[in-house]
Amino acid sequence: MTKPASPPRERQETALPPAAVRAIGLSKAYGSGPARVVALDTVDVAIPTGQFTAVMGPSGSGKSTLMHCLAGLDRPSSGSVQLGDVALDTLSDAALTDLRRREIGFVFQSFNLIPTLTAAENITLPLTLGGRRPDRALLTSIVAALGLADRLGHRPAELSGGQQQRVALARALVTQPRIVFADEPTGSLDSRTGAELLRLMRRSVDEFGRTVVMVTHDPSAAVIADQVLFLADGRLVAELVAPSLEAVLERLAALDRGPA
Ligand code: ADP
Ligand code: MG
């Protein structure tokens, strides 16, 4: 596979910080023959470091596929993903798993906690699996920031949805990853609990210096991001920097109307 030697897109060279993760010509197809579905179609994207990026688009537009490919959870059909200086396609499965554990946090809509482990054990699981010890001071500050100090001995079934998602966010933050992906993290939460989780994700960018990428259907969630990427039919079709609610709603309406 040849890697295009094209320079980074103009906006990285000017206003924005360097990319935490970058995709070049990223395509992903599922199935074959008449059942073939092109989930991503030659997407070029760079996620700026230390910022909050939201991803929006109709259902089936490729948002989850993009997140999974950027996070090394799935291999693209063509194109490449670069995490910092590392091209993920050059890594073996074992090396990719190791890199993912160290450099990437992922928050799923359905929490994906291990039911038999306590909140504390779930939070430190990525470290345990990688044979690492938690940094106690960091762990304490994350647990305090997420309001989980009195829930650490509870198992997921003994926690509310909002608490479970905060445990999942703590688990994503505890390795101090280069980037945190969240795929509709508020999709299973009521609006008040969802808003609280969004504030915590925003704080993880502002106070812990993390880079966050979040898929959301909710325009009022997207506006807490520094920029919003819009996908349609597997393509990146628009970007808004410093999004206002009006601008997001206008973009979504334009997507609904389809190409002019
Ligand atoms: P979104 O998250 O925006 O709803 P997805 O990335 O989940 O979109 O899906 C994009 C397209 O790829 C959809 O048409 C979906 O049906 C298809 N797709 C996703 N995952 C698979 C899979 N494992 N097998 C077959 N098709 C898939
Ligand atoms: Mg999805």
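The axes of helix 4 (residues 119–129) and helix 6 come within 7 Å and cross at roughly 30°; axes are lines fitted to C-alpha atoms, for helices over the stretch in contact, with angles running from 0 to 180 degrees between N-to-C directions. Helix 4 is therefore roughly parallel to helix 6, a term for angles under 35 degrees. Helices are DSSP runs (H or I, at least four residues), numbered from the N terminus. The crossing of helix 4 and helix 6 is right-handed, that is, the near helix is turned clockwise from the far one by less than a right angle. Ala-119, Asn-122, Ile-123 and Pro-126 of helix 4 meet Val-167, Ala-170 and Arg-171 of helix 6, where contact means heavy atoms within 4.5 Å. By class, this contact of helix 4 with helix 6 has five nonpolar, one polar and one charged residues.

The model is predicted: local features need pLDDT of at least 70, side-chain atom pairs count only at pLDDT 80 or more, and totals for chains, interfaces and linings use all residues. Residues are numbered from 1 along each chain as its sequence is written, chains are lettered from A and ligands numbered from 1 in the order in which they are written, and side-chain values use heavy atoms, with hydrogens and water left out.

Helix 6 (residues 161–173) also packs with helix 7 (residues 191–206), at an angle of about 15° and with the axes 10 Å apart. Helix 6 is thus roughly parallel to helix 7, and the crossing of this pair is right-handed. Helix 6 contributes Gly-162, Gln-165, Arg-166, Leu-169 and Leu-173 to the contact, and helix 7 contributes Thr-193, Glu-196, Leu-197, Leu-200, Met-201 and Ser-204. Five nonpolar, four polar and two charged residues make up the contact of helix 6 with helix 7.

Asp-206 belongs to helix 7. Its side chain makes a polar contact with the side chain of Arg-202 at 2.9 Å.

Ligand 1 is surrounded by Tyr-30, Val-37, Ala-39, Pro-58, Ser-59, Gly-60, Ser-61, Gly-62, Lys-63, Ser-64 and Thr-65, each with a heavy atom within 4 Å of the ligand.

| Residue | Atom of the residue | Distance to an oxygen atom of ligand 1 |
|---|---|---|
| Ser-61 | backbone N or O | 3.2 Å |
| Gly-62 | polar backbone atom | 3.1 Å |
| Lys-63 | polar side-chain atom | 2.8 Å |

A polar contact is a pair of N or O atoms within 3.5 Å; within protein, one must be able to donate a hydrogen and the other to accept it, and residues adjacent in sequence count only if both atoms are side-chain atoms.

Key
Helices (H or I, at least four residues) and strands (E, at least two) are DSSP runs, numbered from the N terminus. Angles under 35 degrees count as roughly parallel, over 145 as roughly antiparallel, 65 to 115 as roughly perpendicular and the rest as oblique. Ala, Val, Leu, Ile, Met, Phe, Trp, Tyr, Cys and Pro count as nonpolar, Asp, Glu, Lys and Arg as charged, and the others, Gly among them, as polar.
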